[in-house]
Amino acid sequence: MTTTAITNIGTLVTNSPDLGSGPLGRIENAALVVEDDKIAWAGPDKNVPAADEAYDAQGRAVIPGFVDSHSHLLFAGDRTDEFNARMEGRAYSAGGIRTTVAATRAATDAELESNLTRYLTEALRQGTTTFETKSGYGLSTEHESRALRIAASHTDEVTYLGAHIVPPDHADDPAAYVDLVTGEMLDACAPHARWIDVFCEKGAFDGDQARAILMAGKAKGLTPRIHANQLSYGPGVRLAVELDAASADHCTHLTDEDVDALAQSDTVATLLPGAEFSTRAQWPNARRLLDAGATVALSTDCNPGSSFTSSVPFCIALAVRDMGMTPDEALWSATAGGAKALRRTDVGHLAPGARANLAFLDAPSHVHLAYRPGVPLVGEVWRAGARVA
């Protein structure tokens, strides 16, 4: 085993209160020791133990690598025209997904994988070291299963989203499509996935359909997550809590009962401010959720229609500016919160035993992620103990 001491860290965020101050476990003038792919020690620089190798952080802030727990990266095509139309005043609806479905079905495996790796590389350069991604732009057994097969070669966090919308070829018989999603398509997709998701929304799937789909996935060993309450009030959040879903994602339109249900459950409220930015929609109220005691994650929702960004730092800036979060809360939600949304204990923090996934910021503090929006502050990224960007 090889150990590396990373010294001269200006501010270290561990997300472990036992190691430093506040919920972020912040340590000033800090050091880390990495042993192979894991954190072996974290503490004040003056106390750093001996190691085989030394690395000077040059006074930069170091934070856990971002955990992006919600993305849609298996797609082809472009929806620039739709974005232009929205900026001219047209409202966003779920129907635009059909445009991407047509392009994705027409793409080759090589084209889909090339697109996926391009956006993964883009995200990595901005500090994302753990990511989830979904199918949902194939909407047939053949195309959903191939999307998941491609995704599974790049991440363990793969989500089956055959229930994104009802495709045009089933528009006259939605019940038959639900049968397909819970039957033949599920059988083909489950071996490649860890999670099952459904878009529970007007224009997509109602509460009864969503329950049937998620229950079928659970029977196959997949853990539920759900697109909930994005465009309107609905049953999605309460269904997520009922089924012990790992996360309810979007959570824009919430009743007091929805907020209380999340606060009293293990289901994470994953907020996706890139979607509200791109659609000019109402911002989720993170402050309301946090004050109630709910666990909040921040993620990009990177997709070609409603949130075409791979930048977690951008989403942090939006959450601080427009969703009522403090810089500390936003960083925690984009790291430890994302890990909780994926039910992972090995990422999202830098306590001993965690994976050595680090982002070095060209700034003295993580607060600069919101203080200097749009500036490429992530200067260096390590994943599993090795520099990768």
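**Close-up 1. Helix H3 meets helix H4 in this predicted model.** Here the axes of H3 (residues 109–125) and H4 (residues 141–152) come within 10 Å and cross at roughly 45°. That angle makes H3 oblique to H4. As for handedness, the crossing of H3 and H4 is right-handed. On the H3 side, the contact is made by Asp-109, Leu-112, Glu-113 and Leu-116, and H4 brings in Arg-146, Arg-149, Ile-150 and Ala-151. Sort those residues by class and you get 4 nonpolar and 4 charged, with no polar ones.

**Close-up 2. Ser-307 sits in the loop between strand S15 and helix H12.** Strand S15 covers 296–298. Is Ser-307 buried or exposed? With a relative accessible area of 1%, Ser-307 counts as buried, because the cut-off for that is under 20%. The Ser-307 side chain reaches over to the backbone oxygen of Thr-300, at 2.8 Å. Setting aside neighbours within four places in sequence, Ser-307 is in contact with Thr-300, Asp-301 and Cys-302, and also with Gly-274, Ala-275 and Ser-278.

**Close-up 3. Helix H12, from its N-terminal cap to the glycine just after it.** H12 spans residues 312–322. Ser-311 does the capping at the N-terminal end: one of its side-chain oxygens lies 3.1 Å from the backbone nitrogen of Phe-314. Which residues of H12 are buried? They are Val-312, Pro-313 and Cys-315, then the run Ile-316, Ala-317, Leu-318 and Ala-319. Just past the helix, Gly-324 takes a positive phi of about 80°.

Definitions and conventions. Residues numbered from 1 in each chain as written. Predicted model: local features only at pLDDT ≥ 70, side-chain atom pairs only at ≥ 80, totals over all residues. Heavy atoms only, no water. Buried < 20%, exposed > 50% of the residue type's maximum accessible area, 1.4 Å probe, protein only. Helix = DSSP H or I, 4+ residues; strand = E, 2+ residues; numbered from the N terminus. Polar contact = N/O pair within 3.5 Å; in protein donor to acceptor, adjacent residues only side chain to side chain. Axes fitted to C-alpha atoms, helices over the stretch in contact; angles between N-to-C directions. Parallel < 35°, antiparallel > 145°, perpendicular 65-115°, else oblique. Left-handed = near helix turned anticlockwise from the far one by under 90°. Contact = heavy atoms within 4.5 Å. Nonpolar A, V, L, I, M, F, W, Y, C, P; charged D, E, K, R; others polar.
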